[in-house]
Amino acid sequence: MAVTTGEREQVVPAELGRKKRRFRPRLIPHVPIAILVIVVAVAILAPLLAPHDPARGTLVDSLLPPAWDADGTIEYPLGTDANGRDVLSRLIYGTRISAIVVVFGVILTGLIGTAVGLLAGYFGGVWDAILMRLVDTILSIPPVLLALAIIGALGASLQNVLLVIVITAWVGYARIIRAEALRLRNADHVLLARVGGCGWFRILRVHIFPNVVNTLVVYATLTIATVVIYEASLSFLGLGVRPPDASWGGMISEGRGHMNTAWWLTVIPGIALLLLCVSANLLGDWLRDRLDPRLRNVGGS
Amino acid sequence: MGQFLIVRAAQSVVTILLVTVIIFAVTRISGDPAELLIPGEVPTERLDEYRAQWGLDDPIVVQYFRFLGNAATGDLGESFRFDQPVSELLLNRLPATLKLAAAAMAITIVVAIPLGVVAAIYRGTPIDTIAQTLALVGQGVPAFWLGLILVLIFSVNLGWFPAAGDSGLTSLILPAISLSAFAVAVVTRLTRSSMLDVLDSEYIKLARAKGLSEAAVIFKHALRNASIPIITVLGLQLGLLLSGSVVVETIFNWPGIGRLAVDAIFAADYTVVQGVVLFGAIAFVLINLGVDLLYAVLDPRIRY
Amino acid sequence: MMSGSDSDVVLDVRDLHTEIRTASGIVRPVSGVSFTLERGEVLGIVGESGSGKSMTALSIMRLLPGRHVKITGGQIVVGGRDLVALSDREMREVRGSKVAMVLQEPLTSLDPVYSIGDQLAEPLRIHRKLRGEGLKQRIIDGLRAVHIPDPQARVGNYPHQMSGGMRQRVVTAMALSCQPDVLIADEPTTALDVTIQAQVVRLFEEVRDQGTVGTLLITHDFGIVAQLCRRVAVMYAGRIVEMGPVEEIFDAPRHPYTRALVKSLPVMGEKIDRLPSISGHPPDLAALPPGCPFADRCPNVTDQCREEAPPVEGTDAHWYRCWNPETTGD
């Protein structure tokens with residue numbers, strides 16, 4: 001609420017706001033960052049951390065509840081599934097799938113989308129028009145439907161899920177980065193560089209790219225949850241990672257048949273997904289407020 | 001306005017054409033479309049016969065235009081599993097999907113908009129914190145897992161609602177909630193931020209200075225202005241609800257087109273998959289077209 | 001309650017105090033402001049950003065920004081009633097009806113999604129219960145009164161179809177539509193370019209000369225004050241430090257702050273954002289010294305200024321708060 005002329009009058013409530021926000025950052029970037037770091041570490045160190053073979057179990061030990069339950073045992077801290085496989089070990093190996101999905105769905109697609117967006121925005125013209133038409137078209141096919149078409153044709157596998165993610169996810173980056181490049185193309189410092197005889201590649205690399213990094217980081221963080229849920233959904237439907245490989249979506253799917261008796265099979269991997277996605281979104285929101293307020297209405301979708 | 005309508009409609013037609021190209025291309029990436037379209041172990045003669053029948057030995061461009069021509073006249077091919085035209089299957093299953101999407105949309109509108117408005121008006125209070133937390137969880141929770149948890153609590157343990165199937169209103173509630181969670185989250189956040197922007201504007205101060213009641217300020221002026229971005233996002237979410245129903249219908253054994261498509265994949269009934277995807281994509285494009293037109297009606301500043 | 005026997009006084013502000021609660025303490029942007037406004041006059045309130053002049057206007061309207069800002073003392077008497085004591089509902093009936101306001105930003109103070117006719121109708125509908133043809137006629141008359149050409153056609157326009165000057169006229173027409181006793185204009189010309197400013201000033205002159213409304217003009221701009229006002233109040237750090245007839249304030253300011261303001265007077269139409277000839281910054285309102293708030297920047301400062309709040313000196317017509325006022329005829 002601005003009191004239009006009063007600089008002082010404005011500054012004072014703003015300070016109030018800043019004070020109020022001050023206690024949150026302690027929790028906000030740190031807890032989500034810690035959770036994301038743990039997920040990455042667990043994914044890398046999975047073979048060292050997992051107490052059991054995630055793919056094999058003994059049927060004698062099937063459907064054991066978590067350790068804190070009276071019937072549980074410390075040997076299987078989070079219980080076992082119908083095949084007697086250790087839920088904790090499967091959960092640990094499942095982080096690898098999510099990590100791979102993020103590497104492909106966020107980092108690789110981010111690189112592709114950024115390159116396309118920068119070139120299209122900077123050069124404009126026919127290629128820009130064609131590329132943007134393509135972007136609009138891909139954006140107009142809901143990703144789940146495209147996944148059905150592609151996986152229906154090629155079969156269910158992690159590779160095909162990654163293929164679908166790459167095909168659908170680069171366009172979001174391309175669109176946002178193109179808009180930025182278009183805006184920056186006529187910025188003073190870029191015009192100056194061009195007058196100074198700078199080549200296009202150098203202009204893009206030195207004068208435009210650094211100015212879109214914030215946008216890129218914010219958008220990338222906000223899409224983590226989207227791609228992770230996307231993979232989990234497809235694996236849940238049986239269209240992604242195939243058993244016996246452990247993915248969180250697949251684990252939930254397998255646990256579904258035992259929901260009446262073994263709630264932990266459904267609940268635990270879901271909580272892992274929820275924690276990862278909420279952390280990523282919290283971090284993304286925080287980054288956006290810090291780095292790029294213009295992206296305010298971009299959520300994972 | 002008339003010109004805007006024509007340009008925008010023409011754009012949508014181009015997009016739909018490109019969508020058909022992509023979907024057509026997908027049937028070719030697996031190699032031999034005959035093998036994809038006739039599932040199972042079939043004698044070579046049967047495949048040859050099929051190729052001849054459907055002109056799969058014609059040049060690819062000819063094939064595409066045949067595909068397009070058929071699709072335009074509502075002919076999406078035959079389902080091998082059901083021995084029925086795909087278009088007929090779609091029409092049979094569509095009402096269930098629409099019912100689910102409409103229920104989810106209704107929940108979104110009824111929950112998210114008031115929640116966002118209240119959060120904006122009482123910014124920084126516990127109500128705002130609750131709304132923001134709810135939105136955060138809604139955006140991070142996978143719909144299929146939420147559906148299962150709801151079943152675990154309300155069907156398995158409490159026995160309030162049926163766990164699956166389409167048997168009247170009670171069976172609609174859990175799937176509609178699962179399907180709407182994400183949209184509720186997105187729309188709540190957007191409503192809150194749009195309302196905050198608007199409430200901070202000069203015209204709201206002036207409306208108060210005119211002596212309008214707080215209700216008139218909020219509903220007549222603030223919400224009306226904030227509704228422009230909200231309606232855009234609602235439209236987008238409607239499209240996503242339709243595709244999100246693929247997952248939710250599977251969990252709740254809901255007899256809609258999403259479940260039809262997933263079942264078809266496992267039955268290797270690819271013509272059905274293709275039909276659902278084509279239908280869904282076209283519906284999505286048309287919804288977005290509708291949203292743009294609505295936008296132009298709502299915002300007097302937009303006159304193309 | 002009644003403001004004496006003088007029926008020409010439309011607004012009587014007595015010892016008004018407004019406070020902002022902040023994390024770093026209580027700030028008093030309005031600290032003991034008193035003045036009266038008569039029907040048919042334009043009273044200027046001038047001061048730097050942060051002097052509390054806008055906060056004074058918002059306090060009178062009781063449209064303070066948020067729950068942490070409150071009127072903590074004093075009276076605002078309009079038509080025999082103390083606005084501070086009114087309920088929210090009673091206050092709403094006053095706003096737009098007895099006391100109307102024109103905001104600073106004509107470009108954004110009209111709602112973009114309603115036609116100006118709709119927006120002009122609102123106060124008339126609420127306060128005057130007008131409907132149908134009568135309402136329509138009043139709207140058109142109101143637009144004509146502020147010289148909107150072809151008002152019948154213009155009522156259906158949306159704000160984006162009008163120029164900034166036109167919008168300012170519409171806003172003024174809206175404020176005047178219910179024939180208020182008091183019109184508060186907060187920087188009505190600041191956002192406009194010079195030619196449009198001149199038109200708006202002419203419009204306010206007409207309003208003044210009709211003699212039905214008292215106008216409180218809040219501005220940076222001494223040029224406009226000189227054209228429109230008979231009396232002017234100079235605000236500093238939440239207080240009126242000098243008040244008097246415009247000619248005397250210009251020609252013989254008594255408060256050193258007023259003198260500095262007048263000396264730095266820009267060409268008509270330019271706005272004062274800072275005062276380059278006054279050294280130092282406006283004081284921190286959260287930590288005011290016990291004495292005169294201007295002490296740190298004052299050329300005439302003495303030890304007494306720093307320790308004791310200056311008394312009100314001069315006459316009822318021209319008074320000031322200063323221990324060491326400028327001598328007349330300087």
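Biologist: What does the secondary structure of chain A come to?

Modeller: In this predicted model, chain A has 10 helices and zero strands. Reading along its sequence therefore gives the pattern α-α-α-α-α-α-α-α-α-α, with helices and strands taken as DSSP runs.

Biologist: And how much of chain A is buried?

Modeller: Start with the cut-off: a residue is called buried under 20% relative accessible area. By that rule, buried residues make up 51% of the 301 residues in chain A. The accessible surface of the chain comes to about 13600 Å², and carbon and sulfur atoms hold 65% of that surface.

Biologist: What share of the contacts in chain A joins residues 24 or more positions apart?

Modeller: Take the contacts with a separation of 6 or more; residues 24 or more positions apart account for 70% of them.

Biologist: Which residues touch the most other members of the largest nonpolar core?

Modeller: A nonpolar core is a set of buried residues such as Leu, Ile and Phe, joined through side-chain atoms within 4.5 Å. Here the largest has 160 residues, and Leu148(A), Ile208(A), Phe144(B), Trp145(B), Met195(B) and Tyr270(B) touch the most other members. Helix α8 of chain A, residues 200-237, gives the most to this core, with 19 residues.

Biologist: Where do the buried residues of α4(C) fall, seen down the axis?

Modeller: They are Leu135(C), Ile139(C), Ile140(C) and Leu143(C). Seen down the axis, these buried residues fall within an arc of 130°, so they line one face of α4(C). Their cover includes α3 (116-127), α5 (151-154) and α6 (164-176) of chain C. Just after the helix, His147(C) takes a positive phi of about 65°.

Biologist: How many residues of helix α10 of chain C are buried?

Modeller: Six of the eight residues in α10(C), which runs over 256-263, are buried, so the helix is mostly covered. The buried ones are Pro256(C), Tyr257(C), Thr258(C), Ala260(C), Leu261(C) and Val262(C). Among the elements covering them are α8 (222-228), β9 (231-236), β10 (239-245) and α9 (246-251) of chain C.

Notes
Residues are numbered from 1 along each chain as its sequence is written. Chains are lettered from A and ligands numbered from 1 in the order in which they are written. This is a predicted model: local features need pLDDT of at least 70, side-chain atom pairs count only at pLDDT 80 or more; totals for chains, interfaces and linings use all residues. Side-chain values use heavy atoms; hydrogens and water are left out. Buried means under 20% relative accessible area, exposed over 50%, partly exposed in between (1.4 Å probe, protein chains only). Helices (H or I, at least four residues) and strands (E, at least two) are DSSP runs, numbered from the N terminus. Contact means heavy atoms within 4.5 Å. The arc is that of the directions from the helix axis to the C-beta atoms. Accessible areas come from the Shrake-Rupley method with a 1.4 Å probe; for residues, only the protein chains shown count as cover.
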